[in-house]
Amino acid sequence: MRISANTADHPSTSSAASQPAASADSLSKTYGRGDTRVHALKEVSVTFECARFTAIMGPSGSGKSTLMHCLAGLDTADSGRVRIGDTELTGLSDNELTRLRRDRIGFVFQAYNLIPTLTAEQNITLPMALAGGTVDSQWLTEVCATLGLADRLTHRPHELSGGQQQRVAVARALLTRPDVLFGDEPTGNLDSRSGAEVLSLLRRSTREMGQSIIMVTHDPVAASYADSVLLMNDGELVGQLDRSTPDVISQALAGLGA
Ligand SMILES: Nc1ncnc2c1ncn2[C@@H]1O[C@H](COP(=O)(O)OP(=O)(O)OP(=O)(O)O)[C@@H](O)[C@H]1O
Ligand SMILES: [Mg+2]
């Protein structure tokens with residue numbers, strides 16, 4: 001099935017709107033051999049337009065993380081192609097992939113992966129510092145204010161709650177204004193209020209900054225913040241919901257046995 005995510009009707013704020021933020025073409029990946037062989041991805045083709053927020057949902061084991069990791073250059077497929085913008089990932093050297101991930105991709109995982117010896121602000125600005133870029137202090141202030149981190153910036157991770165640590169991880173990913181922000185259950189460890197704040201900020205960043213976001217989640221409420229929800233089952237994309245409510249998303253998932 002070929003899916004073009006986010007063909008929603010509102011105008012894109014991105015200058016590169018005509019070019020997809022990311023795409024996969026006939027992506028296949030298997031794990032194991034013989035009886036234990038698992039087809040994690042079966043010829044998945046999908047296009048993610050710029051400046052849109054897409055959620056990927058489906059039952060456990062349906063291939064969501066595998067797809068996201070291949071799109072983000074963290075893993076390689078057995079066959080098929082992945083593009084970030086106009087760059088094809090297949091054939092890039094390890095160094096080129098590392099640079100692409102550093103300069104053009106943002107990540108937010110369920111585990112926060114903060115550096116314990118650095119303050120919140122140092123953690124947030126670290127990728128920018130490593131890339132040799134200049135921190136946009138206005139954007140830093142805005143991101144931190146929206147995420148409720150303004151009075152926590154001098155704290156180290158162990159002095160922050162789990163929710164605050166995840167908000168630092170989201171701020172770190174947004175600060176570099178990546179071409180694509182990937183999230184795997186980014187609000188999975190947050191209470192519903194902190195989660196809603198994070199999701200609102202993510203949605204705002206697509207509207208106001210042209211940020212492209214691809215998020216894997218099990219939570220229909222989290223997915224309802226997205227412009228589109230892609231449904232996966234058994235290594236395949238099996239459907240798409242645009243601008244949906246949590247109820248509609250829950251029903252679609254129930255239909256997949258999730
Ligand atoms: N490293 C691996 N070795 C063997 N099998 C794997 C490996 N990684 C994933 N798989 C298998 O590939 C399939 C897809 O896994 P994947 O992690 O993409 O699922 P998922 O949709 O993200 O699931 P969940 O919702 O539980 O996170 C599953 O059957 C899984 O067991
Ligand atoms: Mg997963």
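Q: How many salt bridges does the count come to by this rule?
A: The count comes to 15, a salt bridge being a side-chain nitrogen of Lys or Arg within 4 Å of a carboxyl oxygen of Asp or Glu. This is a predicted model, in which local features need pLDDT of at least 70 and side-chain atom pairs count only at pLDDT 80 or more, whereas totals for chains, interfaces and linings use all residues. Residues are numbered from 1 along each chain as its sequence is written, chains are lettered from A and ligands numbered from 1 in the order in which they are written, and side-chain values use heavy atoms, with hydrogens and water left out.

Q: Why is the pair R81 and E88 called a salt bridge?
A: The closest N and O atoms of R81 and E88 are 3.9 Å apart, which is within the cut-off, and therefore the pair qualifies. R81 and E88 also belong, with D25 and R83, to a network of salt bridges.

Q: What separates R193 and E197 in helix α6?
A: R193 and E197 are four residues apart in helix α6 (residues 192-209), and therefore about one helical turn separates them; a helix here is a DSSP run of H or I with at least four residues. Their closest N and O atoms are 3.5 Å apart, and the two residues form a salt bridge. Side chains of opposite charge can pair when their charged atoms come close.

Q: Why does R193 count as exposed?
A: The relative accessibility of R193 is 63%, and exposed means over 50%, buried under 20% and partly exposed in between (1.4 Å probe, protein chains only); R193 therefore counts as exposed. E197, with a relative accessible area of 25%, is partly exposed.

Q: What makes S244 buried or exposed?
A: S244 has a relative accessible area of 13%, which falls in the buried class. S244 is found in the loop between β11 (236-242) and α8 (246-255). Leaving aside neighbours within four places in sequence, S244 is in contact (heavy atoms within 4.5 Å) with S224 and I249.

Q: How do you know that T66 makes a polar contact with ligand 1?
A: An N or O atom in the side chain of T66 is 2.6 Å from an oxygen atom of ligand 1, and a polar contact is a pair of N or O atoms within 3.5 Å, so the pair qualifies. A polar side-chain atom of S60 lies 2.5 Å from an oxygen atom of ligand 1.

Terms used
Helices (H or I, at least four residues) and strands (E, at least two) are DSSP runs, numbered from the N terminus. A polar contact is a pair of N or O atoms within 3.5 Å; within protein, one must be able to donate a hydrogen and the other to accept it, and residues adjacent in sequence count only if both atoms are side-chain atoms.
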